[in-house]
Amino acid sequence: MKKEKDWLFLLPAILVVAVMTQVPFILTIIYSTLSWNLSRPDLPIEFIGFENYLYYLRIPEFPIIPEFYSIFWQTIVLTVSTLGICAVAGFLFSILLDHQVPGINIARTLIMGPFFVMSTASGVIWKTTIFNTTFGWYGVISKSLGFTPVDLLSYHPMAVIIFLFSWQWIPFFVLIILAGLQGISGDVVDSMKVDGANWFESTFLIKLPMISQHVMVAIMLGLIFIVKEIGLILVTTAGGPGTRSYNLPYAVYMEIFNGSQVGRAGALATMTVAITLISVNVLYRIIKKRSASFE
């Protein structure tokens with residue numbers, strides 16, 4: 001029988017979670033209202049309200065768009081492109097791995113490899129041993145075929161970052177989507193065979209709609225993780241050339257560690273969290289609506 005004071009047993013866990021997650025965020029919001037330059041300790045720390053937010057959002061000389069908006073757009077392109085590639089490739093890999101053939105467990109284990117490699121370590125490996133135009137595989141193979149290798153990190157930084165993000169996060173999508181495929185009842189599979197459904201019909205018209213919620217959950221969780229990723233950007237393009245491969249979290253990093261502006265970094269971080277929460281909430285509502293339509 002449930003007792004009235006059972007919730008007290010949850011109180012320590014609630015307090016720990018609140019302190020570990022909400023206190024840093026509240027401090028970030030407080031910092032975002034301050035004028036605080038770490039490189040100028042002689043200047044006072046002052047409360048300036050929403051001035052740090054307006055610093056990024058204000059458009060003083062229209063149609064000249066401030067840098068913040070281009071970084072915001074790059075974040076959208078980077079995140080949406082990566083999620084799209086991961087969802088499509090994750091589904092196709094999951095279809096391949098959803099068969100009981102010899103060595104399938106080894107294949108499933110190997111495909112998870114990139115997900116467990118630290119992003120900064122994988123970024124250094126890709127940059128020095130593969131994308132390097134002199135010593136990397138890409139440079140050596142291009143020269144052996146008679147081509148002049150182009151420095152991809154300098155000329156196509158966003159495409160490289162999207163590729164690396166996709167390479168790292170496709171295994172995560174495979175993990176969730178493959179679980180959905182293996183949860184499909186054997187009776188459904190037998191019915192497809194009895195009804196004469198071909199591969200295309202059984203894969204895209206029957207299995208895909210049945211695991212659509214797994215795909216949406218993978219996209220929602222992937223959004224949370226990918227939008228805050230800076231390790232691969234830091235060690236490959238360093239946000240460059242200029243700010244062409246910045247995303248919002250990397251801009252926060254540069255504002256605090258390069259610009260020493262605590263208040264502006266706090267405002268940028270707060271806006272990033274708000275945008276992410278809104279996006280996740282929209283996706284959650286879509287998933288909930290789809291769940292209700294299947295009930």
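I take helices to be DSSP runs of H or I with at least four residues, numbered from the N terminus.

I note that this is a predicted model, in which local features need pLDDT of at least 70 and side-chain atom pairs count only at pLDDT 80 or more, while totals for chains, interfaces and linings use all residues. Residues are numbered from 1 along each chain as its sequence is written, and side-chain values use heavy atoms, with hydrogens and water left out.

Entry on S142. I located S142 in helix α6, which spans residues 137–144.

Entry on Q74. I placed Q74 in helix α3, residues 67–97. Q74 is likewise buried, with a relative accessible area of 12%. Beyond four places in sequence, I recorded M158, T243, R244, S245 and Y246 as its contacts.

Entry on the core. I searched for nonpolar cores, that is, sets of buried Ala, Val, Leu, Ile, Met, Phe, Trp, Tyr and Cys residues joined through side-chain atoms within 4.5 Å. The largest has 59 residues, and F173 and L268 touch the most other members. Helix α8 (residues 157–182) supplies the largest share of this core, 15 residues. For L268, I noted contacts with Y56, F68, L248, A251 and V252, setting aside neighbours within four places in sequence.

Conventions
Helices (H or I, at least four residues) and strands (E, at least two) are DSSP runs, numbered from the N terminus. Buried means under 20% relative accessible area, exposed over 50%, partly exposed in between (1.4 Å probe, protein chains only). Contact means heavy atoms within 4.5 Å.
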